[in-house]
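Here's a quick tour of a predicted model, from its cores to its chain contact. Have the structure open as you read.

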Amino acid sequence: MLTRPDLLDPAEVARLGGIEIVAQGVVEGFLAGFHRSPFRGFSVEFTEHRAYQPGDELRYLDWRMLARSDRLYVKQFEEETNLRAMILLDASRSMAWRGSADGLTKRAYADRLAAALALILLRQRDATGLLTFDDAVRRVIPARVKAGQWARIVRGLLETPDGVGTAAEPALRHVTSLLPRRGLVVLISDLLFDRKLALTALRYLRHRGHQVIVFHVMDRAELELTGPAEVQFRDPESEVSVVVRPRELARAYGVTVQREIAAWRSACRRHGIAYHTVRTDMPFGLALRLLA
Amino acid sequence: MSFLHPLVLLGLAAAVLPALLHLLERRRPPQATFPAVRYLSQAERQSARRLKLRHLLLLLLRTAVITLVVLAAARPLVSAPGGRAHAPTALVVILDNSPSSGVVVDGRPLFERLRAVARSSLGSAGPADRLWLLLADGVVRRGERAALLAAVESATVSPWRLDVRDAVERAMRVVAVEPLAAREVHVVSDLQRTALGAGRVTAAPSVRVLALAPLVGPLPNRGVGMVEVSGGAASVPLLGTPGTGPGAVTVRLAGRTIGRALAAPGVTVSVPLPVLGPGWWVGDAVLDPDELRADDRRLFVWHISPPRRVHAGPEVGPFIQAALAVLRDARRVAQGPDVGIAERPGPGTSVVLPPADPALVGETNRALAARGVRWHFAGPGTPGRLVAPGLDLLTGVAVARRERIAGGEGRGSGMSGNGGVLATVNGEPWLVRDSGVVLCGSRLDTAWTALPATTGFVPFVDLLVNELAPGTARARVAEGIPHVEFERRGADTVGATVYGPDPRESDLTAAPVDLVARVLGAQVLDEAHFAAARFVGTRRTDASGVLLVLALLVAAAELAVATLGT
């Protein structure tokens with residue numbers, strides 16, 4: 001298991017190669033571990049039985065077969081290919097930050113996560129697109145399932161520079177025009193923008209019948225405030241700076257962050273939006289597993 | 001409050017360090033990029049009040065720690081009745097080591113107890129005090145505590161009397177000029193009544209005088225006073241504490257007992273001396289040992305002159321001639337030119353009587369002036385009785401007729417001085433001596449004075465020709481270690497001084513407390529209260545320990561606040 005790229009440290013995996021290689025490696029390992037599509041519920045159909053292996057989920061056990069033959073079989077499904085998914089990636093400047101020199105920036109992590117996710121979706125023959133944004137929509141790759149789509153998505157990720165500010169609401173509204181039918185919207189962002197506006201847009205997407213998943217990407221250093229005795233922290237987007245003593249503010253900061261996460265989670269749950277926090281040191285496989 | 005090391009207080013400037021460091025640290029904090037500044041701002045807004053209070057509290061605690069440590073290092077002295085330290089004080093300790101302090105009480109010299117009290121006084125002095133020690137020798141010793149303690153340790157009972165009143169006055173003069181916060185005089189004495197002297201100490205409001213109350217009650221004692229030899233006998237006065245019973249006194253000469261008597265203090269016994277040849281003789285009068293040994297033996301010395309060769313003209317009258325005849329028979333005088341008795345001074349030692357013929361007075365006066373004698377006869381004087389403090393033989397003898405003796409001003413009137421007045425009548429000189437000439441205001445005749453008719457006439461003539469006219473030095477007495485010193489001129493011994501304790505030391509009656517308080521202006525306290533009263537009012541305690549504990553507590557509080565806050 002330790003050799004599976006999806007379960008390795010993201011920074012180590014990132015050193016193996018470019019986004020494509022990393023994403024493919026992650027996805028291969030991820031799917032091998034699952035032995036099936038993780039995305040149930042999106043128009044899936046039963047295909048065949050196979051013998052139960054330790055580690056298979058019991059909910060897919062065919063109880064009738066067990067009753068008839070006293071043997072353990074699990075049911076296997078085949079996904080439909082008419083799912084349309086859009087991955088929204090936050091490319092603002094705040095995403096281009098990392099808490100430690102040997103870690104990944106939030107943007108690097110998000111790029112690789114988005115690429116892996118796109119590859120999984122495309123392998124299921126789901127039309128998948130990409131939208132990158134900062135304070136405006138920067139790049140749009142409409143959802144397609146044709147060959148070369150993943151490469152376009154990866155190129156789109158690579159060609160989107162680090163932006164300046166963040167404004168998710170226009171990007172989310174723009175998605176509605178790209179997904180005329182019900183589909184899947186995956187937002188990968190550090191959520192350092194106005195929560196009310198973003199939630200309004202997310203709620204609108206839900207209202208249009210889309211399945212919405214939010215990945216809240218955070219660096220460990222954003223969760224636990226550390227630093228010298230006194231330091232002047234500067235926001236890379238707004239250039240606002242504040243002088244604090246990390247040691248004495250750490251507790252209050254931690255409480256504030258947890259409260260913010262709780263507020264996002266609560267608001268998302270209230271509107272049927274799946275919300276997940278992922279740290280940039282979390283193996284990609286675990287992040288993808290959150291979707292299962 | 002005062003400080004033992006006030007210069008350390010300069011370190012209080014370090015109390016601004018926390019605030020200074022705080023300001024300097026805030027001036028250039030390192031910069032860092034941090035995307036979640038909005039969370040920081042929220043957290044800071046919500047914690048601003050708590051943080052500000054915490055910062056203020058930490059600043060105060062750190063400042064307090066430094067302040068407390070610096071104050072502790074400066075060794076603060078705060079007022080405390082039971083404190084061991086005190087404000088800088090100028091202190092004179094008067095330790096009475098006069099002979100009376102040598103009395104043995106309960107098998108232990110009283111001086112040992114006095115010494116212990118003085119040691120305690122000096123030992124309780126602080127490094128900022130200025131100290132003096134005054135002993136019975138009258139020397140006011142200035143010194144550091146260790147030096148004076150050593151002086152106290154090495155002090156012994158001295159032969160000198162201490163006038164406590166005089167000593168206190170001197171001590172007050174010493175401390176009064178000291179620019180210190182307090183001034184004290186500690187009188188550690190047996191407080192003999194006789195040691196208080198006369199008069200009262202001039203009070204100085206800024207000087208506290210503490211006197212140790214007498215450690216013991218009245219002690220019986222007998223002592224030997226100044227022994228005088230005259231008329232072939234030694235007069236031995238017995239001194240001591242009134243009420244003491246009689247004791248045996250022995251008079252010895254060259255170690256050989258020549259007389260013994262039983263007497264109580266206040267009584268003078270006369271012990272006949274053997275017939276001795278010319279020269280200086282030394283004897284002693286000894287009492288049986290008692291608690292005060294210093295006054296149990298008294299030396300005395302006297303001189304026996306060789307018979308003077310005297311010549312007297314017929315004009316001096318029959319009484320002198322008869323007396324001289326008696327003295328010649330007793331080998332007290334001889335016929336010769338050493339001393340002349342006449343109406344006019346001769347070339348040598350002379351006894352000059354008023355001329356029987358008043359017309360010759362002028363001639364006599366001129367002859368006196370020619371001899372350089374400043375006295376002269378100045379006409380008839382009023383009758384009266386003789387007063388002669390040093391010559392008991394003459395005292396009270398009636399004088400019916402006399403020539404006044406005038407002149408001699410500036411010569412002094414001491415009985416023992418050359419040229420001094422030896423006897424007076426009605427306050428006017430009657431018997432004077434100057435420049436080897438003795439002038440007598442009356443002729444030694446019963447028509448002039450009753451002296452020739454008294455039993456003391458022959459001894460008087462003996463004294464006149466053997467001692468008064470030649471000016472033979474009589475033995476002097478002085479205070480000091482008992483011994484005899486002879487004064488020599490060339491090969492001749494011309495005088496002697498007998499040293500011994502002051503007779504007043506023998507009376508061990510302690511002065512009443514109220515009298516001591518009145519005379520010395522002192523608080524008279526027993527040993528315990530004396531110890532408690534030292535430096536009282538300025539008594540301080542060293543608060544550095546308390547401050548250090550406080551500093552530790554504050555430091556712990558600072559640590560707790562700093563730790564809990566993070």
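## The cores

The largest nonpolar core has 50 residues, and those with the most contacts inside it are A:Leu88, A:Leu202, A:Phe233, A:Tyr253, A:Trp264, B:Phe34 and B:Leu40. A nonpolar core here is a set of buried Ala, Val, Leu, Ile, Met, Phe, Trp, Tyr and Cys residues joined through side-chain atoms within 4.5 Å, with buried meaning under 20% relative accessible area (1.4 Å probe, protein chains only). Helix H9 (residues 246–270) of chain A gives this core its largest share, 8 residues; helices are DSSP runs (H or I, at least four residues), numbered from the N terminus.

Take A:Tyr253: leaving aside neighbours within four places in sequence, A:Tyr253 is in contact (heavy atoms within 4.5 Å) with A:Glu222, A:Leu223, A:Leu225, B:Phe34, B:Ala36, B:Tyr39, B:Leu40 and B:Ala43.

## Where the chains meet

Chain A puts 36 residues into the contact and chain B 27 residues. Between them the two chains bury about 2,900 Å², 58% of it on carbon and sulfur atoms. Buried area is the accessible area (1.4 Å probe) that two parts lose on being put together, summed over both. On the chain A side, A:Leu192, A:Glu230 and A:Glu248 lose the most area to chain B, together 21% of what that side buries.

Residues are numbered from 1 along each chain as its sequence is written, while chains are lettered from A and ligands numbered from 1 in the order in which they are written. In this predicted model local features need pLDDT of at least 70, side-chain atom pairs count only at pLDDT 80 or more, and totals for chains, interfaces and linings use all residues; side-chain values use heavy atoms, leaving out hydrogens and water.

Notes. Helix = DSSP H or I, 4+ residues; strand = E, 2+ residues; numbered from the N terminus.
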